Amino acid sequence: MFASLYQSFEDRADPSQGAIRIAALRAEFARLGLDGFLVPRADQHQNEYVPACEERLAWLSGFTGSAGLAIVIKDRAAIFVDGRYSLVVKDQVDPSIFKPVAWTETSPSDWLEVNLSPGARLGYDPWLHTLRQVKCIGKATRAAGAALVAVEPNPIDAIWTDRPAPPLGKITLHGLRFAGENAKRKLARAAALGANDALLVSDPHAVAWVFNIRGHDVAHTPLPLGYALILKEAKPHLYVDARKLDNHTRDKLSRLADIEEPERLARDLQALGEQGKKVLFDSATAPAKLAAVLKDAGGACTFGQDPVVAMKARKNATELEGARNAHIRDGAAMVRFLHWFAIHAPGGHLSEIDAAQALETFRRDTGKLKDISFPSIAAAGANAAFPHYRVTIKTNAKIRKGIFLIDSGGQYEDGTTDITRTLAVGKPTALMRDRFTRVLKGHIAIARAVFPKGTTGAQIDALARFPLWRAGLDFDHGTGHGVGSYLSVHEGPQRISKLGSAALEPGMIVSNEPGFYHAGHWGIRIENLIVVERREIAGSKREMLGFATLTLAPLDLSLIEPKLLDGEEIAWANAYHARVRREISPLVEPGARRWLYGATRRIGARR
């Protein structure tokens, strides 16, 4: 009945090959005169999702997380991961070959200073590291008396004999009815470069947005891999593989830019360098290699945030209307799923994969789903205590009495969604209700926040944590990440976290997802997407902002302890549920509608 077309539950981690592959890599060291090599989980655009041919870290070590770095030297190897993967990595790599290291406790630079021998030559692929990363690692290698050496081609590619071919996903035009602004105008805005002569657009998300195109080169994000060079006083250049373009798309894009093969980019940067031109590079995504090409040819490099990133983050009226429509559609699919789950989960026969397949099917049944926005986190019991758990055939657990957490999202042409719901199967314990309600209080605090223009995500992050802090509790991930418009489900620069330094601006979409994780038992997270909007306050002396909630799906009332909520919090929850009922009930079948009425009933006064 249910199936998954957009996610696999195969366990791709294969630590069994680690010893053989690392021995082959060390043999390359001898051939190249190296004593070590850096293996990041990255492609040349620093993408979150990368094509199969760029999964060098997974191929070498077995680790399949979306962020990580291995440092391999002659007598040892370490793999660095953040808190999302501190437990997962131990199951995915051979600990006799790779020592897992928590990035927050020991940085790669600190490790290198201790473990590199004086005179050692540490190699890196200059296409896979930004200049900022190279400078950081270079400082550590010099401190150890060693040298950091750029190596091309990547030595892993020489030993990865069955490496997949690069992707050739078709590039499509993203229509004005979804984009809300034509590409010619976007490009003109991006070409306002001040003292710079050109902008290298190295982030494919920015390339896709500014040219109003989408692609199919990576999973779950409609990206066309490639670059753009936006010139202050000449026609832009778009660097994509011509095999991805049909005649109609090529004709449309050729009116905006000169279409070039990606291999041409380095030569064009060299030509700009020979002319003494100044080029702006995105410090977060531009490969160190391309900056070196320009500089070596005599050009000047400036580094900062690609201006397209901020333009893309502030959604226009059309994009916001699309986001609202996508969330109504996605909300109806969620309600159908939640109704189905309420019927079948108590029997004890459902598994995590069953739930993930069902939800994807309900989304596909809308007729509008293009992909899921990330592999669904369907986690029962103790698995829910892993914030970034990924169910596989090997780990697939039955859904028993207790907690079930489902974190998922959809990619629609008019918007990208991301929602987490924590569900009780059977009667929840008092501890579950207490922790869920504290998380809900933090969620409501963010949803109701009002703040002056210029406020950053770091300044309001504590609002989500305060109810947990009062009980001596916290969560280790950020409270919210930015979300794109039929693009990445994780978009910058906006975020709500302790590191969220970007000011929140009208039109930015972020997630609101505080949580709590009872290790070894269960986990709780409540996530809605919210959009920054202006707030009119009588007598205000400053421009004020707040959030409007986009996501529409009920919260599990059985997990709410009303006596922990104040009157304003109860009013918010009741108003939210009334809105869900009003907007979603006409879109679902009678059985789901009846269930929804019960699931969104009013929370009574505090007992």
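Trainee: If buried means under 20% relative accessible area, exposed over 50% and partly exposed in between (1.4 Å probe, protein chains only), how many residues of helix α9 are buried?

Mentor: Eight of the eight residues of α9, which spans residues 204–211, are buried, so this helix is largely enclosed by the rest of the structure; helices (H or I, at least four residues) and strands (E, at least two) are DSSP runs, numbered from the N terminus. This is a predicted model in which local features need pLDDT of at least 70 and side-chain atom pairs count only at pLDDT 80 or more, while totals for chains, interfaces and linings use all residues. Residues are numbered from 1 along each chain as its sequence is written, and side-chain values use heavy atoms, with hydrogens and water left out.

Trainee: Which residues are the buried ones in α9, and what does Asn212 do just after it?

Mentor: The buried set in α9 is made up of Pro204, His205, Ala206, Val207, Ala208, Trp209, Val210 and Phe211, and just after the helix Asn212 takes a positive phi of about 55°.

Trainee: Which residues line the largest cavity?

Mentor: Its lining residues (an atom within 4 Å of a point) are Phe37, Leu38, Val39, Pro40, Arg56, Leu128, Asn154 and Ile156. Strand β1, residues 36–40, gives the most to this lining, with four residues.

Trainee: And the second largest pocket, what is its volume?

Mentor: The second largest pocket holds about 750 Å³ of space, and of its 29 lining residues the closest to the centre are Gln44, Glu54, Pro166, Pro262 and Glu263.

Trainee: What sheet do β16, β17 and β20 form?

Mentor: They form an open sheet of three strands in the order β16-β17-β20, with antiparallel pairing, where two strands pair if DSSP finds at least two bridges between them. The edge strands are β16 (377–380) and β20 (419–425), each pairing on one side only.

Trainee: How many bridges join β16 and β17?

Mentor: β16 and β17 (residues 402–408) pair over four bridges, and Ile377 stands opposite Asp407 in β17.

Conventions
1 Å grid on protein atoms, 1.4 Å probe; cavity = no way out; pocket = protein on both sides within 12 Å on 5 of 7 lines; lining within 4 Å. Points joined across faces, edges and corners; volume = space filled by probe spheres on them.
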